[in-house]
Amino acid sequence: MKNFSSAVIAIVALLGVPAFLIIKSREAKATRINAQRGHHVALMRMAMDEPRYMECLGPYLTENFASETQFVYVNLVIAQLYSSYQTEIIADASLRKNAASVFASAQGRQYWEVAGPSWRDNYPG
């Protein structure tokens, strides 16, 4: 009986290691995504605060700096929604509701008209 219980404990321990590694891998991925997101937000914030930095991103996709900052802001909102969905913080229904709200605005529709194809081609899900 003692050998049987030792064998069961060993099997449980062996099964626990892969589960632990999977969980840690997912946590590490979420950490990397959040770090990348933080860098993206910092760069976009700099560009939104200062026209000379915004110009480094290439020609304006809108008519002026004020409109371009709105364009960048919508980009940040969409990227946040995607990140939240990707890390399973929000569900499909919440994603759809929030995206519909953003795209109800003229700025959201203008952004998606320009950036939508890139999102569809480069970001799965």
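Predicted model: local features only at pLDDT ≥ 70, side-chain atom pairs only at ≥ 80, totals over all residues.
**Entry: a loop residue**

I started at Glu88, which sits in the loop between α3 and α4. Is Glu88 buried or exposed? Glu88 is exposed, with a relative accessible area of 72%.

**Entry: the fold**

Next I read the secondary structure. I counted five helices and zero strands in the chain. Along the sequence I wrote the pattern down as α-α-α-α-α. Helix α1 covers residues 2-49. Helix α3 covers residues 65-86. Helix α4 covers residues 92-103.

**Entry: overall dimensions**

I then turned to the whole chain. What radius of gyration does the chain have? I found 22 Å, whereas a compact globule of 125 residues would have a value near 14 Å. I also took the box filled by the C-alpha atoms, along the principal axes. That box is roughly 80 × 30 × 20 Å.

**Entry: surface and contacts**

I looked up how much of the chain is covered. Buried residues make up 22% of the 125 residues. The chain exposes about 9100 Å².

**Entry: a buried threonine**

I picked Thr69 in helix α3. Thr69 has a relative accessible area of 15%, so I logged this residue as buried, the cut-off being under 20%. Which residues does Thr69 touch, leaving aside its neighbours within four places in sequence? I found contacts with Met48 and Met54.

**Entry: charges**

The chain has 12 positive and 10 negative ones. The centres of the two sets lie 14 Å apart. How many salt bridges does the structure hold? I listed three, and took them in turn.

**Entry: Lys24 and Glu27**

Lys24 forms a salt bridge with Glu27. Their closest N and O atoms are 3.2 Å apart. Lys24 is partly exposed at 41% relative accessible area. Glu27 is also partly exposed, at 41%.

**Entry: Glu50 and Arg52**

Glu50 pairs with Arg52 in another salt bridge. Here I read 3.6 Å between the closest N and O atoms. Glu50 is partly exposed, with a relative accessible area of 28%. Arg52 counts as exposed at 51%. I checked the limit, and exposed means over 50%.

**Entry: Asp92 and Arg96**

The remaining bridge links Arg96 with Asp92. The closest N and O atoms are 3.9 Å apart. I noted the cut-off for a salt bridge, which is within 4 Å, so this pair qualifies. Where do the two residues sit? Arg96 and Asp92 are both in helix α4, four residues apart, so about one helical turn separates them. Arg96 counts as exposed at 58% relative accessibility. Asp92 counts as partly exposed at 38%.

Terms used
Residues numbered from 1 in each chain as written. Heavy atoms only, no water. Rg over C-alpha atoms; globule rule 2.2 N^0.38 Å. Buried < 20%, exposed > 50% of the residue type's maximum accessible area, 1.4 Å probe, protein only. Areas by Shrake-Rupley, 256 points an atom, 1.4 Å probe, with all protein chains shown as cover. Lys, Arg positive; Asp, Glu negative; His and termini not counted. Charge placed at Lys NZ, Arg CZ, Asp CG, Glu CD. Salt bridge = Lys/Arg side-chain N within 4 Å of Asp/Glu carboxyl O. Contact = heavy atoms within 4.5 Å.
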